[in-house]
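User: Please take a close look at the packing in this structure. Say how each term is defined as you go.

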Amino acid sequence: MARPKSYDRQNAVEKACRAFWAHGYQALGVRELERLTGLNQFAIRTEFGGKEGLYLEALKFYSEAAIATAMAPLKDGGLAEITSFLQGLVAEGSSMSSEFGCLIVNTGIENARIGSARLDEAVKFYWQTLEDSFLQALVNAQDRGEICLEMDIDSTAGGLTSAVMGVHAHNRLEGSCGGGRDLVALMCNHLEGQKVR
């Protein structure tokens, strides 16, 4: 007979997300992970397929939350929504800003050393979704006459995505929600300069 679970799966994934976000993947040992999530080694292995499986669940939770909340306004938005998104990256109290940076950025940096194909896939999916969201907002802005038709929106969407990575990395480096404020200001000023007057 299967033993009853002594934990709530969703709650454990959320706790794992916070733990990996704060401490990183490789630096977080299984014993510490047990303490921070309430899971035991058996549950980590059988329920999630080990530490990497739990990490992937945490990444999925993080990504889905960001896509459903932070990125969602970009789909129907324009320049104002892009600017709001960018400013949220360095706003105190914003769900988009953290002294830990971004779990996806941190994962991409760590995975350059780890070399996990599954982690790489999760990271690439997130950034492609963000780039697609920026691109849609830029298409909307062109359609509404907010920006000129000559603007290269594909490269702009890619550039904004790379800049977001830099903002998060700067926040993590400084241990501050506002570490990347100068880069956000630069991006917002650039977008303001592209407006049709």
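Analyst: Helices here are DSSP runs of H or I with at least four residues, strands are runs of E with at least two, and numbering starts at the N terminus. The model is predicted, so local features need pLDDT of at least 70 and side-chain atom pairs need pLDDT 80 or more, while totals for chains, interfaces and linings use all residues. Residue numbers run from 1 along each chain as its sequence is written, and side-chain values use heavy atoms, without hydrogens or water.

Start with Thr37. It sits in helix α2. Is Thr37 buried or exposed? Buried means under 20% relative accessible area, exposed means over 50%, and partly exposed lies in between (1.4 Å probe, protein chains only). Thr37 counts as buried because its relative accessibility is 3%. A polar atom of its side chain lies 2.7 Å from the backbone oxygen of Leu33. That is a polar contact: a pair of N or O atoms within 3.5 Å, where, within protein, one must be able to donate a hydrogen and the other to accept it, and residues adjacent in sequence count only if both atoms are side-chain atoms. Contact in general means heavy atoms within 4.5 Å. Setting aside residues up to four places away in sequence, Thr37 touches Ala12, Lys15 and Ala16.

Helix α1 has 15 residues and spans 21 Å from its first C-alpha to its last, close to the expected 21 Å. That expected span is 1.5 Å times one less than the number of residues. At the start of α1, a side-chain oxygen of Asp8 comes within 3.4 Å of the backbone nitrogen of Gln10. After α1 comes Gly24, with a positive phi near 90°.

Phe20 leads on to the core. A nonpolar core is a set of buried Ala, Val, Leu, Ile, Met, Phe, Trp, Tyr and Cys residues joined through side-chain atoms within 4.5 Å. The largest one has 57 residues, and those with the most contacts inside it are Phe20, Ile82, Phe85, Leu86, Trp127, Phe134 and Leu138. At least two residues each come from α1 (9-23), α3 (41-48), α4 (51-68), α6 (79-88), α7 (103-114), α8 (117-143), α9 (153-174) and α10 (181-193). Helix α8 gives the largest share, ten residues.

Trp127 touches Cys102, Ile104, Val105, Thr161, Val164, Met165 and His168, leaving aside neighbours within four places in sequence. In α6, the buried residues are Leu79, Ile82, Phe85, Leu86 and Gly88. Their cover includes α5 (72-76), α8, α9 and α10.

Asp76 belongs to α5. It is exposed, because its relative accessible area is 64%.

Now the whole protein. It has ten helices and zero strands. Buried residues make up 45% of its 197 residues. Of contacts between residues at least 6 apart in sequence, 69% join residues at least 24 apart. The C-alpha atoms fill a box of roughly 70 × 35 × 30 Å along the principal axes.
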